[in-house]
Amino acid sequence: MSVTAMNDFVNFVVDAVLKVLLRRPAKEEVSVSLAPALNLVRSGEFAELRGRHAFYPKFLVEEGMKVKGQAEGERIYLSWRELASDKFFEDVEKMFEMLQKRKQ
Amino acid sequence: MAVTVRLQFRPTCPRCDELIEKLMEVSARTGIEFIPEMVSTELETHLASDEVHRTYSEEWMKEHGTQKQRALYEKAKPLFKYLEDSSTVPVLIVEWDDGGKKRQIIIKGFSQEKFDIAVKNLIYMISRITLRSL
C-alpha cells in the first residue's frame, strides 16, 4: 500500500468516526417546558437560568440535620447577676475561644 | 462587625426606664446602635412576646434544656407554666453578625446592685465583639 493510499484510508476512517461521534438526533424527546432551558444551556447563555435560581433558590436539607439545634446554639442566655459578677471577663474570654474553635 | 443592642421593655416598668436612660448614654458615647423594643399586649392587638419567656416552655426544655433543667421542670411544672404565660422584662439582647451567622447574647432581669460593674462588663463584651477599644 502506497503512502497516499494509506493517508486516504486514515482520513476516511477518521471522518467516519467523527460523523458517528458528532451526530445529532433527528428528533429530541423533550417536554415543552424544558426545551427553552435546554436551548439556553446549549448556547452557553446561562444568565436567565441563573437569575431564575437566584430569585427562587432551592435549599437542600439532608437527613439527620438538626436545624433547630443549630439555630438555638447561636444564642447564649445569661442573667443580670452573671453580667454584674467580677469574673465575667474570664467567662467572655472563654466564650470567644469556643467560638474561634468552632470556626476552625 | 456591626453590633446592635436591643432592649425589650414594657411601658409600665420603672426599672426599664432606668436601663434605657443608661444605655442611651452608652450608645451616644460609643456609637453602638441601641434599639428599645416595646413588648406588651396591653396596647397592641397582636401577641408580642419577649425572647426569654419561651425558654420556660416544655418544648424548649425537652429540646435544648440540660438534664438538671429537665428534672427541675418535672418537679415544678405549675410554676414554669405560670412563668411561661407571664413575660419577663427588661430583656437585653446583644446581636452581631459573625461570618454570616447571627449570634445573640440574651441577658434577662435587672437589679440596681452592682449596676456600674454590669454596664462596664457590657461595654467590655461589646468591645471584644467589635475588636476595638471603646
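A: Apart from its neighbours within four places in sequence, Ile106(B) is in contact with Arg75(A), Ile76(A), Tyr77(A) and Leu78(A) of chain A, and with Glu51(B), Val52(B), Val91(B) and Ile93(B) of chain B; contact requires C-beta atoms, placed from the backbone, within 7 Å. The model is predicted: local features need pLDDT of at least 70 and side-chain atom pairs count only at pLDDT 80 or more, whereas totals for chains, interfaces and linings use all residues. Residues are numbered from 1 along each chain as its sequence is written, with chains lettered from A and ligands numbered from 1 in the order in which they are written.

Ile106(B) belongs to the largest nonpolar core, which has 24 residues; together with Val91(B), Leu92(B) and Val94(B), Ile106(B) touches the most other members. Such a core joins buried Ala, Val, Leu, Ile, Met, Phe, Trp, Tyr and Cys residues through C-beta atoms within 7 Å, buried meaning 20 or more other C-beta atoms within 10 Å (exposed is 12 or fewer, partly exposed in between). In chain B, at least two core residues each come from strand E1 (3–9), helix H1 (14–30), strand E3 (91–98), strand E4 (101–108) and helix H5 (115–130). Here helices (H or I, at least four residues) and strands (E, at least two) are DSSP runs numbered from the N terminus.

Strand E4(B) also takes part in an open sheet of 5 strands with mixed pairing, ordered E1(A)-E4(B)-E3(B)-E1(B)-E2(B); strands pair if DSSP finds at least two bridges between them. From one strand to the next, the twist averages 20 degrees, with axes fitted to C-alpha atoms (for helices, over the stretch in contact) and angles from 0 to 180 degrees between N-to-C directions.

The sheet may now be followed from chain A into chain B. Strand E1 of chain A (residues 75–79) runs parallel to E4(B), joined by 5 bridges, and Tyr77(A) has Ile106(B) as its bridge partner. E4(B) pairs in turn with E3(B), antiparallel, over 8 bridges; within that pair, Leu92(B) stands opposite Ile107(B). The hairpin of E3(B) and E4(B) has 2 residues between the strands, and Gly99(B) adopts a positive phi near 60 degrees there. Between E1(B) and E3(B), 6 bridges hold an antiparallel arrangement, with Thr4(B) partnered by Glu95(B). E1(B) and E2(B) are parallel and joined by 6 bridges, one pair being Phe9(B) and Met38(B). Helix H1(B) lies across E1 and E2 of chain B and makes an angle of about 165 degrees with E1(B).

Chain A itself has 6 helices and 1 strand, in the sequence pattern α-α-α-α-β-α-α. Of its 104 residues, 2% count as buried. Its helix H1 (residues 3–21) lies largely in the open, because 0 of its 19 residues are buried.

Terms used: Two residues are in contact if their C-beta atoms, placed from the backbone, lie within 7 Å. The expected span of a helix is 1.5 Å times one less than its number of residues.
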